[in-house]
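Please examine the model shown here.

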Amino acid sequence: MPIVVRIDVELAKRKMSVGEFAERVGLTPANVAVLKNGRAKAVRFSTLEAICRVLDCQPGDLLEFVDDEEPTP
């Protein structure tokens, strides 16, 4: 999948547990795991806003585009 979610990196920077993060954002730990593992198909802007508020970051700190296609010579 070309979009990689970097929540785990931001949590590690802040030494915040998944449980604390989930509670503060208003998600279940299971839904946080879905986001962290790249299994989410969509994220609501309201959820992204809450995540950014809790982690004091920008959406670009959480989401990264990784081109998984091989370049054609």
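The side chains of E10 and K13 make a polar contact at 3.4 Å; such a contact is a pair of N or O atoms within 3.5 Å, where within protein one atom must be able to donate a hydrogen and the other to accept it, and residues adjacent in sequence count only if both atoms are side-chain atoms. The structure is a predicted model, in which local features need pLDDT of at least 70 and side-chain atom pairs count only at pLDDT 80 or more, whereas totals for chains, interfaces and linings use all residues. Residues are numbered from 1 along each chain as its sequence is written, and side-chain values use heavy atoms, with hydrogens and water left out.

E10 belongs to helix α1, residues 7–14; helices (H or I, at least four residues) and strands (E, at least two) are DSSP runs numbered from the N terminus. Is E10 buried or exposed? E10 counts as buried because its relative accessibility is 5%; buried means under 20% relative accessible area, exposed over 50%, and partly exposed in between, with a 1.4 Å probe and protein chains only. Beyond its neighbours within four places in sequence, E10 is in contact with L55, C57, D61 and L62, where contact means heavy atoms within 4.5 Å.

In soluble globular proteins, nonpolar side chains tend to be buried together. M16 is in contact with L11, F21, R24, V54 and L55, leaving aside its neighbours within four places in sequence.

Helix α2 also contains A22, which counts as buried because its relative accessibility is 1%. Apart from residues up to four places away in sequence, A22 touches L27, T28, P29 and V32.

K15, in the loop between α1 and α2 (18–25), has a positive phi of about 55° although it is not a glycine. K15 counts as exposed because its relative accessibility is 77%. In the loop between α4 and α5 (59–62), D56 likewise has a positive phi, of about 50°, and is not a glycine. D56 counts as exposed because its relative accessibility is 67%.

How many cavities of 30 Å³ or more does a search of the whole structure find? The search finds 1. On a 1 Å grid over the protein atoms alone, a cavity is a set of points where a 1.4 Å probe fits but cannot get out, and a pocket is an open set with protein on both sides within 12 Å along at least five of seven lines; lining residues have an atom within 4 Å of a point. Grid points are joined across faces, edges and corners, and a volume is the space filled by probe spheres set on the points. The largest cavity holds about 50 Å³ and is lined by V5, I7, L35, V43, L48, I51, L62 and L63.

The largest pocket holds about 200 Å³. Thirteen residues line it, and I3, V5, A42, V43 and L63 are the closest to its centre. Strand β1 (3–5) and helix α4 (45–55) each supply at least two lining residues. 

Along the sequence, the chain follows the pattern β-α-α-α-α-α-β, with 5 helices and 2 strands. V66 lies in the segment after β2 (63–65) and touches P2 and V4, not counting residues up to four places away in sequence. V66 and V4 are 62 residues apart in sequence, yet their C-alpha atoms are 6.9 Å apart in space. Of the contacts in the chain with a separation of 6 or more, 65% join residues 24 or more positions apart.
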